[in-house]
Amino acid sequence: MRKSIALLTLASSLVALTVAAQSPDFLLGTWKANIEKGTPSPGAQPAQSNISLWEALPDGQFKNTQDVVNAKGQKRHTEVITKFDGAESVVKGAAVPTANSYKRLDGRTTGSPVAYEYVQKVNGKVTVTGRYITSADGKTRVLVTTGTNAEGQPVSSITVYEKQ
C-alpha cells in the first residue's frame, strides 16, 4: 500500500513538473522590442517600434498580434492564431500572402523556460526562420532571424523584446 502511494505521489509530481515546464506563462503578455539592443540586418533600418502581444486561446491555441512602425513611420498590424505543432497558420494583415509555422524547442538544450522557432513562408516559399529564446526570469526574449528578403538577399537580425 505504501509503495502504491509513493508511486502515485511520484507520478503526480512528474505530471505537475511536466505541465509547469510547458506552461505558456513566459510567452503570454505584451512584449516591446528594445530597438537600441537589437541588431537589424545589414543595410536595413531598424523599426521605430515593435510591440508583440501573445494571448492564450481555447484548444491549445495562441494568438500573436504585432504592431510595428517601420523606419519610415509606416504602421503594420498583423495577427496569427497558431498552435505550436508545426502546422502553417495564415498571417492576417501581411502585405503579401504569408504563413508561419511554430514549434516549441527543448528547454533542456536551449536553457530557456520557453523557446520556440517559427518558419515563415511568403507566397508559399520559405523566407525566414526565427528562433525565440526567453530568459530564465521571463523578462527578456531574444529573436534571432535568418533568411532572405523579398529581393532574395540574405537577412539576419537580432531583436530583443522586454516584457511589459
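**A threonine and the strands around it**

A: Thr 82 touches Trp 54, Gly 60, Gln 61, Phe 62, Ser 89 and Tyr 102, leaving out residues up to four places away in sequence. Contact here means heavy atoms within 4.5 Å. The model is predicted: local features need pLDDT of at least 70, side-chain atom pairs count only at pLDDT 80 or more, and totals for chains, interfaces and linings use all residues. Residues are numbered from 1 along each chain as its sequence is written, and side-chain values use heavy atoms, with hydrogens and water left out.

Thr 82 lies in strand β4, residues 75-82. Strands (E, at least two residues) and helices (H or I, at least four) are DSSP runs, numbered from the N terminus. Thr 82 counts as buried because its relative accessibility is 2%. Buried means under 20% relative accessible area, exposed means over 50%, and partly exposed lies in between, with a 1.4 Å probe and protein chains only. The side chain of Thr 82 also makes a polar contact with the side chain of Ser 89, at 3.0 Å. A polar contact is a pair of N or O atoms within 3.5 Å; within protein, one must be able to donate a hydrogen and the other to accept it, and residues adjacent in sequence count only if both atoms are side-chain atoms.

Strand β4 also holds Glu 79. Glu 79 forms a salt bridge with Lys 63, the closest N and O atoms being 3.6 Å apart. The pair links distant parts of the chain: Lys 63 sits in strand β3 (residues 62-69), 16 residues from Glu 79. A salt bridge is a side-chain nitrogen of Lys or Arg within 4 Å of a carboxyl oxygen of Asp or Glu. Side chains of opposite charge can pair when their charged atoms come close. Glu 79 has a relative accessible area of 26%, so it is partly exposed.

A search of the whole structure finds 5 salt bridges. Lys 103, Glu 117 and Arg 131 are linked in a network of them. Lys 103 and Glu 117 meet at 3.8 Å, N to O. That pair links strand β6 (residues 98-104) with strand β7 (residues 115-122), 14 residues apart. Glu 117 and Arg 131 meet at 3.7 Å, N to O. Here strand β7 is linked with strand β8 (residues 125-134), and the residues are again 14 apart. Glu 117 is buried, with a relative accessible area of 16%. Lys 103, at 42%, counts as partly exposed. Arg 131, at 40%, counts as partly exposed.

Now a loop residue. Ala 47 is found between β1 (29-33) and β2 (49-56). Its relative accessibility is 23%, so Ala 47 counts as partly exposed. Beyond four places in sequence, Ala 47 is in contact with Ile 35, Val 68, Val 69, Asn 70 and Ala 71. Ala 47 and Lys 72 are 25 residues apart in sequence and 8.3 Å apart in space, C-alpha to C-alpha.

Last, the chain as a whole. There are 2 helices and 10 strands. Along the sequence they follow the pattern α-β-β-β-β-β-β-α-β-β-β-β. Of the 164 residues, 29% count as buried. Among contacts between residues at least 6 apart in sequence, 30% join residues at least 24 apart.
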